[in-house]
Amino acid sequence: MPAVSKGDGMRGLAVFISDIRNCKSKEAEIKRINKELANIRSKFKGDKALDGYSKKKYVCKLLFIFLLGHDIDFGHMEAVNLLSSNRYTEKQIGYLFISVLVNSNSELIRLINNAIKNDLASRNPTFMGLALHCIANVGSREMAEAFAGEIPKILVAGDTMDSVKQSAALCLLRLYRTSPDLVPMGDWTSRVVHLLNDQHLGVVTAATSLITTLAQKNPEEFKTSVSLAVSRLSRIVTSASTDLQDYTYYFVPAPWLSVKLLRLLQCYPPPEDPAVRGRLTECLETILNKAQEPPKSKKVQHSNAKNAVLFEAISLIIHHDSEPNLLVRACNQLGQFLQHRETNLRYLALESMCTLASSEFSHEAVKTHIETVINALKTERDVSVRQRAVDLLYAMCDRSNAQQIVAEMLNYLETADYSIREEIVLKVAILAEKYAVDYTWYVDTILNLIRIAGDYVSEEVWYRVIQIVINRDDVQGYAAKTVFEALQAPACHENLVKVGGYILGEFGNLIAGDPRSSPLIQFNLLHSKFHLCSVPTRALLLSTYIKFVNLFPEIKTTIQDVLRSDSQLKNADVELQQRAVEYLRLSTIASTDILATVLEEMPPFPERESSILAKLKKKKGPGTVTDLEEIKKERSSDMNGSAEPASVNASAVSTPSPSADLLGLGAAPLANSAPPPSSSGSLLVDVFSDSPSAVAPLAPGSDDNFASPDLASSEVVSEEPADTVHDADELFHKFVCKNNGVLFENQLLQIGLKSEFRQNLGRMFIFYGNKTSTQFLNFTPTVICSDDLQSSLNLQTKPVDPTVDGGAQVQQVVNIECVSDFMEAPILNIQFRYGGTFQNLSVKLPITLNKFFQPTEMSSQDFFQRWKQLSNPKQEVQNIFKAKHPMDAEITKAKIIGFGSALLEEVDPNPANFVGAGIIHTKTTQIGCLLRLEPNLQAQMYRLTLRTSKEAVSQRLCELLSEQF
Amino acid sequence: MWKIHFILLFSRQGKLRLQKWYTTLPDKEKKKIIREIVQIILSRNQKTSSFVDWKDLKLVYKRYASLYFCCAIEDQDNELLTLEVVHRYVELLDRYFGNVCELDIIFNFEKAYFILDEFIIGGEVQETSKRSAVKAIEDSDMLQETVEEYMNKPAF
């Protein structure tokens with residue numbers, strides 16, 4: 001039996017729980033549960049009406065059974081019944097069941113919404129609280145539809161109790177997160193901002209969360225929150241530890257609110273107003289100063305709360321990245337934590353320093369801690385902490401310390417946890433490439449990598465070393481010599497055989513002069529590994545052999561003997577067999593010239609982003625791979641950069657797909673179908689062409705940086721929303737006369753549209769295509785209507801899945817209702833994370849008034865009669881403009897029809913003119929429209945006249961149509 | 001966005017005692033996540049940090065006596081403060097039950113939920129004042145019928 005049973009003991013429940021706990025076996029437990037489920041079922045189905053208490057008890061039992069991990073598929077209706085009970089305790093259990101076992105049955109939802117509506121209207125703060133909690137817990141779209149309009153009112157009403165305000169603020173936040181389009185912006189927003197000044201700290205705490213999320217999406221609208229947040233923060237940090245009474249947590253004044261305010265300020269750049277900015281700087285200094293004061297309590301809660309505020313302040317300092325003094329102080333503070341006895345603090349200090357390393361102001365200061373970090377790598381007992389140390393070393397690496405850091409990472413790799421080996425391999429490979437001044441060092445490093453952690457060296461890494469060796473002729477001889485030596489080891493990793501095979505096949509001739517590495521010795525060395533290797537490696541070696549035939553005619557017969565052996569020609573693997581057959585044939589029939597042409601040295605690779613970097617980004621996901629290298633102005637030392645900066649800058653830089661087989665082994669159909677000589681030719685020569693699907697653009701952050709090297713580092717690290725509407729006006733105008741097509745496209749994302757309209761209703765399908773090979777995270781498209789537009793255009797959307805896989809397309813439907821005529825277009829805002837960066841873009845959604853046109857056919861007489869009826873000067877709008885496109889009558893006709901009106905033939909006395917008629921349908925009214933377009937070929941001008949019964953409509957249609965010709 | 005995605009309470013034996021989700025997921029997915037996380041955390045030894053990277057989230061956990069409290073937060077969130085969210089919740093439970101133990105939470109799981117709801121809504125901290133939160137819960141207890149009233153009703 002329970003140690004305590006407060007409030008309402010449900011004896012039956014306690015007995016049941018005890019029974020379950022006393023079950024000796026899993027089977028006994030299941031048996032007991034099934035018995036109980038049968039009992040409850042029969043009670044619920046029984047003829048006798050259950051009283052509230054019994055219902056509550058059984059619903060509670062069901063909940064308990066659910067928590068044990070069993071599925072519950074009934075009881076929802078009984079729980080819904082409890083919602084309308086007058087007894088608080090029954091209502092409460094009803095709500096709990098609904099929140100825990102959310103059900104999407106629409107009938108049920110209607111009943112639940114009804115109960116919630118009653119409780120919200122009850123003015124009983126306890127009941128209102130329950131209802132708001134339930135909405136926040138379920139947070140479904142249906143609930144948003146039902147209550148998103150109501151909750152803001154409760155939130156800002158003068159007579160709402162503080163506790164209800166708190167719940168309302170966070171409930172609204174939940175709805176805004178799930179269905180931002182359903183939460184109407186309006187008068188309440190400015191009043192919400194002023195909740196930052198509220199007397200009640202609990203209200204301020206809840207409101208700050210809401211404001212932060214709203215401000216992320218609508219920074220302009222919530223700009224005033226900055227100064228309010230700064231002054232609130234300032235009052236908190238300067239208060240004595242007892243001033244805030246209950247909101248003081250272990251001698252730290254209001255840590256939750258402080259952190260939330262600091263978080264809100266991270267939605268904005270540093271305040272422009274010097275007074276506000278000064279005050280904020282003071283706050284941040286005070287927080288940094290407090291970190292140096294002796295602790296007011298020995299309890300870990302005290303130091304955690306204090307440091308939570310400190311770390312958040314440091315995040316803000318890094319976000320602003322504008323006060324060198326603060327940045328360096330932050331770095332020194334973190335430096336102290338690096339040696340703290342609390343593992344948590346060491347972990348966080350390493351993590352936070354990673355971002356500090358990306359600021360040009362603090363990069364040098366971070367570097368001074370290199371020894372401590374290396375030591376952490378060697379001595380920390382927690383793998384999470386070591387992982388952070390690796391991240392930080394990577395982040396602080398530049399030309400001055402690259403050799404040391406790479407050496408330490410290689411060192412660590414020998415004992416590193418298996419879970420992080422691959423990542424370390426990638427990081428070492430990237431740093432070695434990036435900071436290689438001397439390419440022999442680079443080649444040594446990669447071969448070391450393969451030696452130490454061959455299993456974790458992914459294809460990308462060894463592809464890359466080959467690309468680099470091929471592109472740099474000063475290192476080819478060294479590479480050939482080094483792989484040759486490395487292959488001497490009795491046991492070497494298969495990846496080394498691949499690299500060795502490839503490099504010797506290309507550049508073995510460079511070391512063939514030395515009798516110790518004569519052609520035959522090279523061949524015998526490689527062939528001694530052949531039988532230990534997997535099929536793809538063997539295939540690669542066969543290609544090396546045929547290249548040797550070309551490079552070293554003196555060992556041609558030896559190689560032909562090998563190719564001719566049964567183990568090759570009759571190999572069970574079709575790829576190997578085919579290569580052997582084709583290569584043998586090629587070596588026999590082709591003249592020396594042809595052989596030399598087919599097997600010519602590989603041409604240099606087009607410069608591209610390191611595929612390893614792309615892989616690391618993919619592996620690590622958002623935020624963790626800060627591309628400091630791009631931020632810092634070190635690019636000129638990159639191999640790519642120094643070789644051909646121009647081609648790196650080009651936005652079309654592509655990454656070979658991770659699966660693109662270096663030797664085209666994957667392209668089996670090609671090898672199988674083509675005749676022998678050309679087939680082997682394509683195997684060898686054509687292998688490096690990117691397969692069409694392999695084209696992936698650079699990460700956006702680095703992309704921008706390459707394009708404009710002078711970008712301040714903050715532009716890359718900060719997640720500051722660049723909320724400019726994309727100037728895709730041209731594309732937008734194209735959609736005036738058509739319904740389908742591509743609305744927007746950049747290197748990451750393609751947005752396509754398909755839409756259909758009928759009378760005042762429409763439906764638009766938006767297709768978001770991820771053009772990269774990396775997932776988009778937190779993908780949130782939002783359709784935004786201005787206040788004016790909201791009243792005349794009703795748009796409904798469903799949220800889309802927040803992750804969009806690389807290469808995948810997701811679809812969103814917008815249901816459209818035109819309530820009355822309107823001018824502007826809605827804005828489609830899209831936010832997502834790609835790689836480490838936050839993407840934010842907006843385009844106009846081409847929902848224009850003419851979409852609600854229904855064409856009307858009429859005779860010449862009717863037309864001119866109506867034309868005259870609409871002769872009030874306000875009903876007519878005329879525009880004379882220059883033709884932007886060739887003046888082709890057929891195209892013009894098509895455009896007028898596409899515009900939506902009927903094209904009336906033989907109506908205008910001048911056959912060169914075009915006239916049209918139609919009716920614009922809105923929910924509230926229908927507007928007849930007539931139009932006339934008079935081309936003047938000689939002047940290359942048009943005169944467009946619109947007459948409708950409503951001035952604004954004439955105006956808008958004239959604007960839209962004028963852009964079309 | 002800044003919020004707690006879910007909170008799990010489980011025993012050292014890996015038995016789940018409470019689950020609270022602030023994101024909508026299918027039940028099957030939830031079960032999978034619970035299994036995975038319980039296993040990750042139970043396999044960590046004591047001297048480690050309280051933070052574990054997990055998918056694109058971060059787990060923040062702490063053990064109180066026989067019970068583990070684990071929150072999943074976003075990568076950018078404040079880890080230390082999340083530890084104190086857990087601690088404040090334990091304090092609230094303690095204040096309500098008086099020297100709370102695992103059994104209290106097993107037998108009064110619904111109360112544990114109500115207390116959590118007073119403190120956190122939709123993954124955001126609502127009320128950080130211990131007094132206000134406890135008062136709200138005690139007020140609601142006042143609204144309930146007397147124990148006697150219940151005892152007079154049939155048990156099964």
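Is A:Arg123 exposed or buried, going by its relative accessibility? A:Arg123 counts as exposed, at 62% relative accessibility; here exposed means over 50% relative accessible area, buried under 20%, and partly exposed in between, with a 1.4 Å probe and protein chains only. Some notes for you follow.

1. Ground rules. This is a predicted model, in which local features need pLDDT of at least 70 and side-chain atom pairs count only at pLDDT 80 or more, while totals for chains, interfaces and linings use all residues. Residues are numbered from 1 along each chain as its sequence is written, chains are lettered from A and ligands numbered from 1 in the order in which they are written, and side-chain values use heavy atoms, leaving out hydrogens and water.

2. Confidence. The model scores ipTM 0.90 and pTM 0.66. Chain B averages a pLDDT (the predictor's confidence in each residue, from 0 to 100) of 85, and 88% of its residues score at least 70. Over residues 145-156 of chain B the pLDDT is below 50, yet this stretch has 28 contacts in the model beyond near neighbours in sequence, a contact being heavy atoms within 4.5 Å.

3. Two loops in chain A. A:Arg123 sits in the loop between helix H6 (106-121) and helix H7 (125-138); helices (H or I, at least four residues) and strands (E, at least two) are DSSP runs numbered from the N terminus. Its phi is positive, about 60 degrees, although A:Arg123 is not a glycine. Most residues other than glycine have a negative phi. A:Asp321, in the loop between helix H16 (300-320) and helix H17 (324-337), also has a positive phi, of about 45 degrees. A:Asp321 is buried, with a relative accessible area of 11%.

4. Of the 17 residues of H12(A), 16 are buried. At 1.5 Å a residue, helix H12 (residues 201-217) should span 24 Å, and its end C-alpha atoms are 25 Å apart, which agrees; the expected span is 1.5 Å times one less than the number of residues. A:Arg263 belongs to helix H14 (residues 255-265) and is buried at 11% relative accessible area. Its side chain makes a polar contact with that of A:Glu312 (3.1 Å), meaning a pair of N or O atoms within 3.5 Å, where within protein one must be able to donate a hydrogen and the other to accept it, and residues adjacent in sequence count only if both atoms are side-chain atoms.

5. The sheet in chain B. Five strands form an open antiparallel sheet in the order E2-E1-E5-E4-E3; strands pair if DSSP finds at least two bridges between them. Strand E2 (16-21) and strand E3 (51-54) stand at the edges with a single partner strand each, so one side of each has no neighbour in the sheet.
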